[in-house]
Structure formats: C-alpha cells, structure tokens
Amino acid sequence: MSVWIVKKPVPGEQVRVNRGKYFHYGICVAPDRLVHFATANGDGPDDPSSASVQVTDLSGFAAGGFVECLRLSFGERKYTFSAEETSRRALGAVGEKGYNVMTTNCLHFANRCLYGQSCGPEKKRRGFFASLKK
C-alpha cells in the first residue's frame, strides 16, 4: 500500500500539500519545479474557470505547507510510467485548461501523468472525494 512522506521531491514523483479542507496534487518535473493545476491566486478550486496546468517552484506549490511525496508499494509501481515519462507527460500538459473539481481536478491530472488514467491502482484514491481530508 502506498504512503505519503514529507521529503524533498525528485523528478517523476507525485506530490501533495495539505490545504486544510483538501489536498492539492502535482508532479515534480525537476529539482524545485512542479507541474499542477493552478490559478493566478492559488489552486484550481479557488477559481476553476481560470485554472490551467502550470509550472511552479516548490515554495509556490507548498504555499507554507509541507510537501508530501507518494511512496508506492512494490506492487503499485508496475502500474506507473517511468520518472522520465511521468515528467514528460506533466510538462506536455502545461497550458491545459478545463479544471473541474469533480472530473478533471489536480489529483486526476497527477494520476494521468503517473498512471495514464485519472484514477490510480486503488479505487479509493480516485477523484475529488479522495482529496478530502478524512
């Protein structure tokens, strides 16, 4: 089973930061660079119509929070792209619009980059409701 750990992300890793009522997700593409859905004033839920996939530095993504990195189990790793392909897919999406909290949110984006589909290998990690804090 996958776990989230606080550490400096490396390229190809899925990352998240706690925003209080939800987690915000992205993909690390280079040291200190992350790709995620964002707006001029924050994350996608802040202003969905202006959200787009953007490259941000680590401190901008964290916005004062702790960045956690997804550590996959051995069994889950077989469902992922390589770090290089994950980063390439994330960078290829820069500028993409169409944020929707239920169908095309930051977790869906990060999962598409890592797994090639909006849900991960565990159905419980799927969608908006998985991003809510338990």
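Tutor: Helices of at least four residues and strands of at least two are DSSP runs, numbered from the N terminus. The model before us is predicted. By that reading, the protein has five helices and seven strands.

Student: What pattern does the protein follow when read along the sequence?

Tutor: The pattern is β-β-β-β-β-β-α-β-α-α-α-α. As for contacts between residues at least 6 apart in sequence, 60% join residues at least 24 apart.

Student: What percentage of the 134 residues do buried residues make up?

Tutor: Buried means under 20% relative accessible area and exposed means over 50%, with partly exposed in between. Buried residues make up 46% of the 134 residues in the protein.

Student: Let us turn to single residues. Is His 24 buried or exposed?

Tutor: His 24 has 0% relative accessibility and therefore counts as buried. The residue lies in strand S3, and its side chain reaches the backbone oxygen of Phe 37 at 3.3 Å.

Student: Which residues is His 24 in contact with, leaving aside its neighbours within four places in sequence?

Tutor: They are Val 15, Arg 16, Val 17, Arg 19, His 36, Phe 37, Asp 43, Phe 61 and Cys 106.

Student: What is found at the start of H4, and what just after it?

Tutor: At the start, a side-chain oxygen of Asn 105 reaches to within 2.9 Å of the backbone nitrogen of Leu 107. Just after the helix, Gly 116 takes a positive phi of about 85°.

Student: Helix H3 is the next element. Which of its residues are buried, and where do they lie around the axis?

Tutor: The buried residues of H3 are Thr 86, Ser 87 and Ala 90. They cover an arc of only 95° around the axis, which puts them on the same side of H3. The face turned away from that buried side carries the exposed residues Glu 84 and Gly 92.

Student: Which elements do the buried residues of H3 pack against?

Tutor: They pack against strands S3 (23-30), S4 (33-39) and S6 (52-57), and against helix H4 (106-115).

Student: S3 and S4 are both on that list. Which residue lies in the loop between S3 and S4?

Tutor: Asp 32 lies there. With a relative accessible area of 35%, Asp 32 is partly exposed. Its phi is positive, about 70°, although Asp 32 is not a glycine.

Student: What does Asp 32 touch, apart from its neighbours within four places in sequence?

Tutor: Asp 32 is in contact with Thr 56, Asp 57, Leu 58 and Ser 59. Its side chain reaches the backbone nitrogen of Leu 58 at 3.2 Å. Asp 32 and Ser 59 are 27 residues apart in sequence and 8.0 Å apart in space, C-alpha to C-alpha.

Student: Where is Ala 63 found, and what is its phi?

Tutor: Ala 63 is found in the loop between helix H1 (58-62) and S7, and its phi is near 45°, a positive value in a residue other than glycine. At 57% relative accessibility, Ala 63 counts as exposed, whereas Asp 32 is partly exposed.

Student: Finally, how many residues line the second largest pocket, and which lie nearest its centre?

Tutor: The lining has 15 residues, and Gly 12, Glu 13, Leu 72, Thr 80 and Leu 114 lie nearest the centre. The elements that give two or more residues to this lining are strand S7 (67-71) and helix H3 (83-92). By class, the lining has seven nonpolar, five polar and three charged residues, and about 180 Å³ of space lies in the pocket.

How values were computed:
Residues numbered from 1 in each chain as written. Predicted model: local features only at pLDDT ≥ 70, side-chain atom pairs only at ≥ 80, totals over all residues. Heavy atoms only, no water. 1 Å grid on protein atoms, 1.4 Å probe; cavity = no way out; pocket = protein on both sides within 12 Å on 5 of 7 lines; lining within 4 Å. Points joined across faces, edges and corners; volume = space filled by probe spheres on them. Nonpolar A, V, L, I, M, F, W, Y, C, P; charged D, E, K, R; others polar. Buried < 20%, exposed > 50% of the residue type's maximum accessible area, 1.4 Å probe, protein only. Arc of directions from axis to C-beta. Contact = heavy atoms within 4.5 Å. Polar contact = N/O pair within 3.5 Å; in protein donor to acceptor, adjacent residues only side chain to side chain.
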